[in-house]
Amino acid sequence: MANEKFILIDGSSMLVTNYYGNLPKALLFEKDPEKKEKLFSQILHNDKGQYTNAMYGMMRTILKIIAEQKPTHMMFAFDMTRDTFRREKYPDYKGNRGETPEPLKEQFVNMERLLEEMGFAVFYDSRYEADDIVGSVVTRFEKEIPSYIITKDHDYLQLVSDYTRVWLIQTKQETADELQSKYGGEFGWNAKLVSIPDKAFEVTPPLCLKEYGVRPEQIPDLKGIQGDTSDNIPGVKGVSSAAIPLLAKYGTVEKIYEAIDECDGDKALKALAASWKEDLGITRSPMKALVEYRDMAFLSKDLAQIRRDYPLEKNLDDFKISIDKERAVKLFNEYGFKSLVEKL
């Protein structure tokens, strides 16, 4: 597998980023729904009236990644719906998110089609989310080929391993540069020697622990306690700051509750809380909240856990990059991506 590289892309994350990154400013800052709709005509579109701002930006990014990273294998995973198995467990999961704008909805369908017709491996499912699909694929093949996940979503950090890196996309290039500078000396990072995509920060197992306070496999435990406002995962109210020291001591949510369950009565619980304050530096006792919201802690961890059992009937060769250039040129012209044709 010398010189082989597998890049797995969170397609939903990349498309949404490019949609908002390439919106006219007037539309980006307009709050009124009716006024917004009247501004849709300003969004980049082809001569058929199909919206293309997100697609164009994403395709430009993909071609740049291929040119610079020279991967041999690649795949894309998209979220098909919010009504996955997680909503069956917790109806309010992602319930804080607004409706997807129509111009973006349309581009999800067209982007998936474009990538498929170009010859890429593209996945989406009515029960699994994109991260579950990526988690299943990377777990299956990571020991056969060095793997790199591109996303903005911190959930994916739990997939970081000795074989898999997450290239976590930051909002600004300056932020990515600061993070690389922060850890470069300690971890031997040199941007001149190792190239990664624009705005990305490469997360390894030791970097995950350094920057986020937990090991990759503890990310679901962290979200089990802290929750996750972006996905509307509740966590345990008021325990956020205690999460990292508790997980450093006990390792998992389950082990924290084992320690609590070993206490016989209120006196023992108070003694345990006092030891947390003294030994772990937890100033505000999380005991009452942990006891009260026990079910939420376990539910939240379960919601945050990336599944790795997506049914996959493919072998590694099915992910090899083999772009149908003739078809790609035709599609690029159809969508008005003439400036990208030469980059093929």
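Me: Which residues lie nearest the centre of the largest pocket?
Reply: The general idea first: rolling a probe the size of a water molecule over the atoms shows where empty space is left. Here, in what is a predicted model, Val16, Asp79, Arg82, Lys94 and Arg97 lie nearest the centre of the largest pocket, out of 45 lining residues. The space in this pocket comes to about 1,400 Å³.

Me: Which elements give two or more residues to that lining?
Reply: They are α1 (11–21), α6, α7 (130–141) and α10 (219–226). Helix α6 supplies the largest share, seven residues.

Me: How do the residues of this lining divide by class?
Reply: The lining of the largest pocket holds 18 charged, 15 nonpolar and twelve polar residues.

Me: What is the volume of the second largest pocket, and which residues line it nearest the centre?
Reply: Its volume is about 610 Å³. Of the 23 residues lining the second largest pocket, Thr17, Asn18, Thr61, Ile169 and Lys199 lie nearest the centre. Helices α1 and α4 and strand β4 (147–151) each give at least two residues to that lining. By class, the lining has ten polar, seven charged and six nonpolar residues.

Me: Let's turn to α4 and α6. How do the axes of these helices cross?
Reply: Two packed helices are described by the angle between their axes and the distance between the axes. For α4 (residues 53–69) and α6 (residues 102–118), the axes come within 9 Å and cross at roughly 35°. The crossing is right-handed. On the α4 side, the contact is made by Asn53, Ala54, Met55, Met58, Met59 and Ile62. On the α6 side, Leu104, Gln107, Asn110, Met111, Leu114, Leu115 and Met118 take part. The residues of this contact comprise ten nonpolar and three polar, with no charged ones.

Me: One last feature, accessibility. Is lysine 301 buried or exposed?
Reply: Lysine 301 counts as buried because its relative accessible area is 11%, and the cut-off for buried is under 20%. This lysine lies in helix α15 (residues 294–304). Leaving aside neighbours within four places in sequence, lysine 301 is in contact with Pro220, Asp221, Gly224, Thr252, Val253 and Glu254.

Me: And lysine 288, buried or exposed?
Reply: Lysine 288 has a relative accessible area of 69%, so it is classed as exposed, the cut-off being over 50%. Lysine 288 lies in helix α14 (residues 287–292). The C-alpha atoms of lysine 288 and lysine 270 are separated by 9.9 Å, with the two residues 18 apart along the chain.

Conventions. Residues are numbered from 1 along each chain as its sequence is written. This is a predicted model: local features need pLDDT of at least 70, side-chain atom pairs count only at pLDDT 80 or more; totals for chains, interfaces and linings use all residues. Side-chain values use heavy atoms; hydrogens and water are left out. Axes are lines fitted to C-alpha atoms, for helices over the stretch in contact, and angles run from 0 to 180 degrees between N-to-C directions. Helices (H or I, at least four residues) and strands (E, at least two) are DSSP runs, numbered from the N terminus. A crossing is left-handed if the near helix is turned anticlockwise from the far one by less than a right angle, and right-handed if clockwise. Contact means heavy atoms within 4.5 Å. Ala, Val, Leu, Ile, Met, Phe, Trp, Tyr, Cys and Pro count as nonpolar, Asp, Glu, Lys and Arg as charged, and the others, Gly among them, as polar. On a 1 Å grid over the protein atoms alone, a cavity is a set of points where a 1.4 Å probe fits but cannot get out, and a pocket is an open set with protein on both sides within 12 Å along at least five of seven lines; lining residues have an atom within 4 Å of a point. Grid points are joined across faces, edges and corners, and a volume is the space filled by probe spheres set on the points. Buried means under 20% relative accessible area, exposed over 50%, partly exposed in between (1.4 Å probe, protein chains only).
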